[in-house]
Amino acid sequence: MPTFNLKINDKTHTVEADADTPLLWVLRDKINLVGTKFGCGIGQCGACTVHVDGNAMRSCLLQVSQAEGMEITTIEGLSEHGTHPVQEAWKAIDVPQCGYCQAGQIMTASAFLNENPNPSNEDIRNAMNGNICRCASYNSIEEAVKLASKKIS
Amino acid sequence: MKNSFNRRSFLKTSALASGGMLIGFNLFNACKSDVKLPVDLSQLNYKDFNAYIKISPEGKVTIYSVNPEIGQGVKTSMPMIIAEELDVDWDDVYVVQAPLDIENYSGQVAGGSQSIRRSWQPLRETGATAKQMLINAAAAQWDVDVNTCSAKMGIISNANGETLGYGDVVEAAALLDVPEEVSLKDPKDFTIIGQGKGNVDIDKITTGKPLFGLDYKEEGMVYASVLRPPAFGQVLESFDASEAKDLLGVIDVITIGKKARALLKAGKPNWSVKLSTTDKVVVIGKTTWDVIKGKKAIKAKWKTDSALESSEEHNEKLLSLVNGKKFRTRRKDGNVNKAFANADKVLERVYESTFLPHNTMEPMNFFANVTPEKVHLVGPTQTPEAAANAVASLLGRPIEEVHVDLTRMGGGFGRRLYNDYVMEVAEISEAIKKPVKMLSTREDDMTTGVYRPASTYKISAAIKDGKLTGYHLKEACVNSNMYGLIPNFFPAGAIENYQVDSARLKSNITVGAWRAPYTNFLASAEQSFFDELAEELQVDRVQLHMDLLENVKRNPNPKIDYSPERLQGVLKMVVEKSDWGNVADGVYQGLSVYYCHNTHVAEVADVTMENGVPVVKKVTCAIDCGIVVNPLGAMNQAKGGVLDGIGHAMYADFSFKDGVPSANNFNSYQLIRMGQTPKVDVHFIESNIAPTGLGEPTLPPVGAAVANAIYKATGKRLTKLPYIKNMNSKTEIVG
Ligand code: FES
Ligand code: FES
């Protein structure tokens, strides 16, 4: 099996995996970073969102062979102590219900606010539209992104 | 408030060997008289008690709560109730999800929004009893009259101004007798209940710590993926696994199914869902990806074992059932036949709904390690006791050898009441003699589900001299029928001649509870019907409801399951808060009022039309669920229910063609997304009545609120789900 060197949360990991293995399963099964979730496997739900070179990407669609040489950040590495403004906003609003989709929501929101620290409500709704929350915590997610944007800008 | 419930029967205390006091209690039944509390935390068992409280010598409180968390927030709200009566600082309270040791254990179910309602009183009494024992211990230490002592925020004080922390007296308190009588707080003195408390797992959720079934791992664990028949009505004929076995990460390919068939043959009771009789092919591998790939490489042949059914036929048959004569009568007041025979006018409508998959965000998965000594199961289930019993029977093991540990659940919505997936993983682990995690892909989950049954309702109203004189509800539903309380919901008791009838259509498609079973569609039908009825009677929509509820108040009926006062209360509130009737041009409002799961709800939807497509802009929601324990959690639940209800009523398109489901992932099935959501404005009735659930009740009414608004906007009555498709609007999936 080929080996790959991955840079994840500022650490280098060497993993053996089939070249077509989605980064999602490498993270979860090989590196034990289980914060990144599986929801659909086809890029539709956003539960598996990570940052790749700062951009929000679906780790279920990114093959491990394509991820070499890129800076990958997962929910575990978004901040050292869980105090990224988006995480703080999520706590302040108490967004999660079952909580399963929320790592993906937070990763999408944080990458988006990096690009657009001063979004309109419409911008937020567009940016977050790719992330499904089956518990439908959407009102709270919207509020929390707004709150985080105020802290950031 | 003095309360002389016999606390000895459901609560016991002991001193812990490691220091501190342990309280064991039972929420739903008395404990046996001879049970002893352990003195060591590693010995906590859930046979005799279903929850424990530990108070440490430092005054910290740890609650070991057994109720499974599926996103309803009970893991936060139940400890809040204990902490309130115990009178401690919420920051000193820790909550631990207890593992489940199943023997003799009962009552642990997350479903039906009943958790809070059933446990409210025992939780309060437990907290209050512990507090009283601590006060008694302090009074003894001070040698003062206990009536001169009081406790607040973990500190006990006496008339001399002396104070002791809870931690200072726990050792002594643990040895005291359990008092027969304790005071419960006056709800107006609550300091924790009614305050918004954040989810107790929030830090772990926002930093991605392992919490869910999918995250659970053990040394030596392998992964499994199960190939099941692609169509209902098919079973496995043969398969070729050679390609799959050639894959590096695939360890083995096996079949399961014999054990389940043996159970069925032995006529064992059906704890979960109808067990399928087919063999299933299981790929065992080193990682999840290995088994997903391995499964794709299996070449399987399926044969038809029973009818390959299609939704079109279901719908036709359901329709002929409601139009037919064969019913089981569920409730009969007065004489509807006579009322209809004498009517000047009859209003009659048929409402149709589809099957629905649950689509919990975390797909079905479970861990099992079956060894000669014991069966260890770990994962998300809403019914752990049933899971343990089912597995014990399946494997022929005594129940004492089966242990279930619960994880947090990535949604339930009813799907995890059924333990088919737990039985599968147990059979797999026994066969391969290894610890194993079975996980479903989204496709597996959506296509081999336990669906909300398709159902059809026919509602008829008899009108005489401009008055409603008869109401007849007929139900036809796949493989099941509305549960027994529903016929006693509104409008039972409000109309002299009233009848509810059910008919059932047999099918080989597995169905089961789906968030707010039956009412999730019945409410849409009934509340759309009332909207039309008001128009027919030429009375104001709100007034019609108010008057009918007035009838119930004037002629109290012991056989109704709702409160007319409380329904009127939420109706008045929603009218006021939604600015009913006073909205801007181009905004159309629809109203819906409904009672289910012991909670009364009224909702108004504000809808606009954009390019011929209805857009829900806002939903105002008035709720009477008694005391709101945790407003933050309650708000989340209420809003989630409303948005979930809108999503499924507007977009959820799911059917079968020759036994094959029409959708298998989110590119072919629309779950509501942020861009489709309105703002939900939630208001709670202030109340001193014991709390009722919120996991379900805001969902059922919203479909009709939206349909009634769309009617105002378009003049078109919607009677068939999903609404958008049946308006002939554009229906592509938004992703
Ligand atoms: S799991 Fe990757 S988008 Fe759904
Ligand atoms: S919180 Fe449950 S899926 Fe989003």
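User: Is Lys91(A) buried, partly exposed or exposed, and what is its relative accessible area?

Analyst: This is a predicted model, in which local features need pLDDT of at least 70, side-chain atom pairs count only at pLDDT 80 or more, totals for chains, interfaces and linings use all residues, and side-chain values use heavy atoms, with hydrogens and water left out. Residues are numbered from 1 along each chain as its sequence is written, and chains are lettered from A and ligands numbered from 1 in the order in which they are written. Buried means under 20% relative accessible area, exposed over 50%, and partly exposed in between (1.4 Å probe, protein chains only). Lys91(A) is partly exposed, with a relative accessible area of 23%.

User: With which residue does Lys91(A) meet in a salt bridge?

Analyst: A salt bridge is a side-chain nitrogen of Lys or Arg within 4 Å of a carboxyl oxygen of Asp or Glu. For Lys91(A), the N to O distance in the bridge is 3.4 Å, and the partner is Asp203(B).

User: Why does the pair of Lys91(A) and Asp203(B) join two chains, and which helix holds Asp203(B)?

Analyst: Helices (H or I, at least four residues) and strands (E, at least two) are DSSP runs, numbered from the N terminus. The pair joins two chains because Lys91(A) lies in helix H3 (residues 85-93) of chain A, while Asp203(B) belongs to chain B. Asp203(B) is partly exposed, at 46% relative accessible area. The helix that holds Asp203(B) is H4 (residues 202-207) of chain B.

User: Which residue forms a salt bridge with Glu142(A), and where does that partner lie?

Analyst: The closest N and O atoms are 3.6 Å apart in the bridge between Glu142(A) and Lys679(B). Glu142(A) lies in helix H6 (residues 138-152) of chain A, so its pairing with a residue of chain B joins two chains. Glu142(A) is buried, at 8% relative accessible area, whereas Lys679(B) is partly exposed, at 43%. The partner is thus Lys679(B), in strand S31 (residues 679-684) of chain B.

User: What is the N to O distance between Asp20(A) and Lys293(B)?

Analyst: The side chains of these two residues meet in a salt bridge. Asp20(A) lies in the loop between strand S2 (11-16) and helix H1 (23-30) of chain A and Lys293(B) in helix H7 (residues 288-296) of chain B, so this pair joins two chains. Asp20(A) is partly exposed, with a relative accessible area of 26%. The distance between Asp20(A) and Lys293(B) is 3.0 Å.

User: How many salt bridges are found across the interface of chain A and chain B?

Analyst: The contact (heavy atoms within 4.5 Å) takes 51 residues from chain A and 64 residues from chain B. Among the bridges is that of Asp215(B) with Arg28(A), whose closest N and O atoms are 3.0 Å apart. A search of the whole structure finds 40 salt bridges over all chains. Across the interface of chain A and chain B, the number is seven.

User: How much area do chain A and chain B bury between them?

Analyst: Buried area is the accessible area (1.4 Å probe) that two parts lose on being put together, summed over both. Carbon and sulfur atoms give 56% of the area for chain A and chain B. The total is about 4800 Å².

User: What area is buried between domain 1 and domain 3 of chain B?

Analyst: Domain bounds come from an automatic or database domain assignment, with domain 1 of chain B at 7-198 and domain 3 at 312-355 + 451-726. Their contact takes 21 residues from domain 1 and 18 residues from domain 3. The area buried between domain 1 and domain 3 of chain B is about 1400 Å², with 61% from carbon and sulfur atoms.

User: Which residues does Ala525(B) touch, not counting residues up to four places away in sequence?

Analyst: Ala525(B) is found in helix H13 (residues 519-537) of chain B and counts as buried, at 0% relative accessibility. Ala525(B) and Lys720(B) are 195 residues apart in sequence and 9.0 Å apart in space, C-alpha to C-alpha. With nearby sequence positions left out as asked, Ala525(B) touches Tyr351(B), Tyr457(B) and Ile459(B).
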